[in-house]
Amino acid sequence: MSPGAPTADAPGTTPHEHHALTADEVLSVLAANADGLSTAEAAHRLNTHGPNALPSQRAPHPIVTFLKQFNDILIYVLLIAAVVTFFFGDWIDAIVILAVTLINAVVGVVQDGRTQKALIGIRAMLSLSAKTRRGGSWTNIDAAELVAGDIVRVEPGDRIPADARLIHTNVLRIDESALTGESLPSDKNTPPVPAVSGLGDRRNMAYSGTHVTAGDGTAVITATGLDTEIGHIHALVTGTENTATPLTRQLDSFSKRISLLIVVVAALMLLVGRLVHDRDFAELMPAAIGFAVAAIPEGLPALITITLALGVRQMASHNAIVRKLTAVETLGSVTTICTDKTGTLTRNEMTVRTVATGVDRYLVSGTGYAPTGAITDAHGGGDASRRADLAAIIEVFALCNDAHLRSIDGEWHVVGDPTEGALRTLAAKTAFDGSTFTRLSAVPFAAETKYMATRYQKHGGDARILLKGAPGVVLARCSSELGADGTPHPIDTAKWAQIIDELGSQGLRVLAAARSGASDETGELRDSEFESGMLFLGVAGILDPPRAEAVAAVAAMHSAGIRVKMITGDHPGTALAIAREMGIANADSRVLTGDAVEALTDQELMIEAPDVDVYARTSPEHKLRIVAALQARGEIVAMTGDGVNDAPALRRADIGVAMGIKGTETTKEAADIVLTDDNFATIGHAVEEGRRIRDNLQKSILFLLPTTSAQALVLLLAVIIGFTLPLQATQILWVNLITAITLSLALATEPAEPGIMQRPPSRPGKGILDRSYVGRIVWVAVLIASATIGVFFFETSIGSTNAEAQTTAVTMLTLGQLAFLFNCRFLRASSFRPAVLVGNRAIYISCSILVVLQLVFVYAPFMHPWFHSAPLGIREWAYTVAIAALIFFLTEAVKMGERMRSRRLPSALSRDATKHQAAAPTLPATSATK
């Protein structure tokens with residue numbers, strides 16, 4: 001049995017439904033009483049069921065973790081390439097290849113530590129000590145020693161040490177946002193709630209890892225260790241596998257195919273050379289190995305790593321810290337973003353948006369707790385902060401209030417309840433001065449009464465009772481309302497009910513205010529004094545406001561063909577109101593609650609998920625299922641969040657994005673990207689950067705494949721047709737080395753092409769290169785191979801030595817690739833324009849280095865014995881440069897043909913994207929890759 005407490009079944013309940021029982025029933029079920037357990041009984045239970053702690057998993061040995069990183073077919077190909085290069089004596093290139101594999105392994109080891117860190121982050125949320133009643137007296141013990149049946153006491157500032165059923169509360173409020181996602185602290189009480197209630201509705205429960213913000217209470221421990229809700233999330237994180245990114249899947253598929261092709265063609269070369277041309281295997285083996293060396297794109301891993309690393313640096317400048325390299329490219333492929341509401345789309349700072357009095361309706365600008373913003377009437381009548389009716393209601397909200405505002409390093413924070421902090425901010429916007437009032441007595445807010453009352457006396461004036469609370473409670477105690485003339489008028493209950501319903505439908509939390517007439521009494525405030533006859537002053541609508549930049553970011557996502565879905569633990573009405581204001585949902589959008597998700601099978605949820613954009617009252621399991629359902633439909637899913645309840649879904653998503661400021665350490669460790677500014681808009685910049693990186697990877701691979709294919713084609717044709725080898729394996733390695741460290745990397749720094757965020761995302765399941773590029777790859781490979789073979793035979797025909805002919809062929813091969821580099825600067829647009837010469841300084845740096853290295857190859861005496869090269873004259877340089885220019889123009893002719901075809905018919909990209917977006921609900925289910 002996992003560490004935790006023994007629980008017994010009660011009629012109609014399960015061990016996890018203590019919220020559905022009375023406090024006495026729970027004590028009976030747990031064989032406990034209000035005096036607590038005896039020391040001996042507590043020790044027995046601790047010995048039987050284990051400590052109140054989450055188990056730490058034993059990490060694998062570092063050597064095993066390191067060796068596992070080499071279990072990849074492309075790494076095998078690289079290692080074989082290294083062996084081959086050692087065989088040919090080119091130890092420099094071999095060392096470079098081995099260095100690439102070692103770098104990849106080190107990066108993999110670092111990433112494998114993320115899960116362990118995430119679990120440590122969850123364990124860090126647990127309380128370190130607890131006030132416990134043992135043997136009839138209170139004592140402080142280590143929280144790990146708690147067992148089911150222990151009686152604990154909690155006070156403001158305490159962290160709840162384990163899951164517990166409350167048996168007594170005194171104005172107790174607990175911040176459960178990290179667990180439920182609900183923005184406001186939860187008011188706690190003791191009556192049972194329905195068994196089907198979600199976590200956020202279990203008002204009689206306190207959960208491990210949450211914080212007490214106000215009041216105090218006592219509770220009986222019901223679950224410890226892995227049996228707690230935090231323990232459940234720990235198990236979800238442990239059992240949730242990271243999904244392979246699109247880039248990882250595509251590269252894996254590409255590596256397998258190209259490896260198989262190389263082996264098959266090399267074997268074919270041996271057979272043809274032996275059976276058709278009767279050559280010895282001793283002569284054919286170097287050619288076959290040379291072909292394999294030429295065909296293996298050993299520079300691809302380094303190219304991808306460097307391209308992604310440059311993207312990581314660029315994203316860091318936009319407040320996005322990337323914890324996993326491939327996450328950069330994955331963002332560029334995202335089709336759906338699932339986001340938490342509180343703290344991500346919203347500021348997690350309560351703000352008064354509307355005030356309604358019996359005279360007028362007022363709009364309040366400004367967000368958060370900063371006391372800046374204007375108050376205007378709903379008709380645009382200008383500054384209304386001095387109006388008498390508004391001043392009357394603000395006086396109540398400011399004085400019937402226990403919160404305080406504090407500025408720390410220019411940032412405003414609330415000390416106390418966030419809702420009361422919003423009311424304090426409202427008062428500060430009108431420059432309300434409370435120093436002229438003296439509090440005489442107060443009745444604190446309680447979840448049972450739903451109101452707070454104070455008795456204040458203004459200096460030199462009469463004392464008054466001020467009342468604020470739930471609208472229904474306050475209205476029931478009022479007999480009149482403040483009129484436009486400043487005198488009491490009969491209260492219009494129907495009107496106020498309509499106003500309250502209207503504000504509530506907008507997702508606003510509504511609080512009402514009232515006051516009494518002159519009060520002669522100055523002693524303890526009694527409920528009977530304000531039971532009736534109060535003067536109703538109006539209501540305020542409070543909301544955790546959306547981030548303005550997040551609204552624009554959602555619109556940008558939609559224009560980029562990306563769906564945004566809100567998944568929150570908050571109430572459906574609040575969630576829908578925020579979603580509408582954000583542009584995520586519209587008037588007829590529906591909300592799917594956690595209970596509804598629970599009732600759906602995986603297959604049913606997979607059908608529903610793409611069409612629902614707002615989910616409310618969700619648990620960590622619900623979020624996990626929603627993400628998995630979308631992935632089963634072929635979606636590439638990004639998940640954002642800040643609470644520990646988001647961690648399993650962040651880990652399961654194709655890419656997890658955590659908030660860096662308000663996010664928990666658990667969430668950050670489970671994520672792939674951390675936003676240092678907690679700004680949803682930063683994701684928009686990251687998506688754009690991801691698309692740019694994907695484009696640049698395509699450009700680099702589009703450059704790499706034809707050039708390596710051309711090298712391999714030269715040797716293949718030599719063996720198949722039976723002519724002298726134009727290139728030697730060491731010469732091919734030389735070309736591979738200098739182009740890999742120059743030309744290939746130049747494309748990694750290409751700027752984003754125009755309109756990159758106005759096109760749809762890449763179709764899920766699509767390869768890293770479009771099939772439409774196949775013709776171009778073949779055409780360029782044939783052009784460069786033909787030019788290389790042609791100059792070799794031309795040189796031998798005019799009496800050049802074999803070394804001179806091969807050196808000319810190597811130069812032709814190098815210059816042909818240099819010309820093709822400029823073709824690749826634009827994937828589809830024409831490169832035959834001035835723009836191809838500007839915008840990327842790295843192009844000219846790389847080209848210059850390439851030319852210098854090739855000059856060293858041709859003219860440095862020490863290179864000649866190593867690579868069998870020889871000096872060339874101006875004639876060789878002149879005509880090879882001319883042929884390279886011809887390759888550029890002929891490649892542009894092919895690109896022009898591709899553009900003409902795309903204008904006659906819808907492009908494959910647009911057609912596939914449109915089909916994906918329009919017919920997404922009918923896509924077949926596919927298992928998510930793990």
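The structure is a predicted model. The protein contains 32 helices and 27 strands, and buried residues account for 55% of its 930 residues. Of the contacts between residues at least 6 apart in sequence, 72% join residues at least 24 apart.

**The eight-stranded sheet**

- An open sheet is built from 8 strands in the order S8-S27-S26-S25-S9-S22-S24-S23, with mixed pairing.
- Strand S8 (320–322) and strand S23 (591–593) are the edge strands, each of which pairs on one side only.
- Neighbouring strands of the sheet are turned against each other by 20° on average, direction ignored.
- S23 pairs in the parallel sense with strand S24 (residues 614–616) over 3 bridges, and Thr 593 stands opposite Ala 616 in S24.

**Helices packed on the sheet**

- Helix H18 (residues 572–582) packs on the sheet and touches strand S22 (563–567), S23 and S24. The direction of H18 makes about 155° with that of S24.
- Helix H24 (residues 680–722) also packs on the sheet, touching S8, strand S9 (336–339), S22, strand S25 (637–641), strand S26 (655–659) and strand S27 (673–675). The direction of H24 makes about 160° with that of S9.
- At 1.5 Å a residue, the 43 residues of H24 should span 63 Å, and the distance of 62 Å between its end C-alpha atoms agrees with this.
- H24 is mostly covered, with 35 of its 43 residues buried.

**Strand S25 within the sheet**

- S25 is largely enclosed by the rest of the structure, because 5 of its 5 residues are buried.
- In a regular strand, side chains alternate between the two faces of the sheet.
- Both faces of S25 are covered: Val 637, Met 639 and Gly 641 are buried on one side, and Ala 638 and Thr 640 are buried on the other.
- S9 and S25 run parallel and are joined by 4 bridges, with Thr 339 opposite Thr 640 in S25.
- S25 and S26 likewise run parallel and are joined by 4 bridges, with Ala 638 opposite Ile 655 in S26.

**Helix H13**

- Helix H13 (residues 388–399) has 12 residues, which at 1.5 Å a residue should span 16 Å; its end C-alpha atoms are 16 Å apart, in agreement.
- H13 is mostly covered, since 10 of its 12 residues are buried.

**The H28–H29 pair**

- Helix H28 (residues 802–823) packs against helix H29 (residues 841–859) at an angle of about 180°, and their axes are 11 Å apart. The two helices are therefore roughly antiparallel to each other.
- H28 contributes Thr 807, Val 810, Thr 811, Thr 814, Leu 818, Leu 821 and Phe 822 to the contact, while H29 contributes Ile 843, Cys 847, Leu 850, Gln 854, Phe 857 and Val 858.
- The residues of this contact divide into 9 nonpolar, 4 polar and no charged.

**Thr 891 in helix H31**

- Thr 891 lies in helix H31 (residues 874–904).
- With a relative accessible area of 0%, Thr 891 counts as buried, because the cut-off for buried is under 20%.
- Leaving aside residues up to four places away in sequence, Thr 891 touches Trp 779, Val 780, Leu 783, Phe 820 and Asn 823.

Note on methods:
Residues are numbered from 1 along each chain as its sequence is written. This is a predicted model: local features need pLDDT of at least 70, side-chain atom pairs count only at pLDDT 80 or more; totals for chains, interfaces and linings use all residues. Side-chain values use heavy atoms; hydrogens and water are left out. Two strands pair if DSSP finds at least two bridges between them. Axes are lines fitted to C-alpha atoms, for helices over the stretch in contact, and angles run from 0 to 180 degrees between N-to-C directions. Contact means heavy atoms within 4.5 Å. The expected span of a helix is 1.5 Å times one less than its number of residues. Buried means under 20% relative accessible area, exposed over 50%, partly exposed in between (1.4 Å probe, protein chains only). Angles under 35 degrees count as roughly parallel, over 145 as roughly antiparallel, 65 to 115 as roughly perpendicular and the rest as oblique. Ala, Val, Leu, Ile, Met, Phe, Trp, Tyr, Cys and Pro count as nonpolar, Asp, Glu, Lys and Arg as charged, and the others, Gly among them, as polar.
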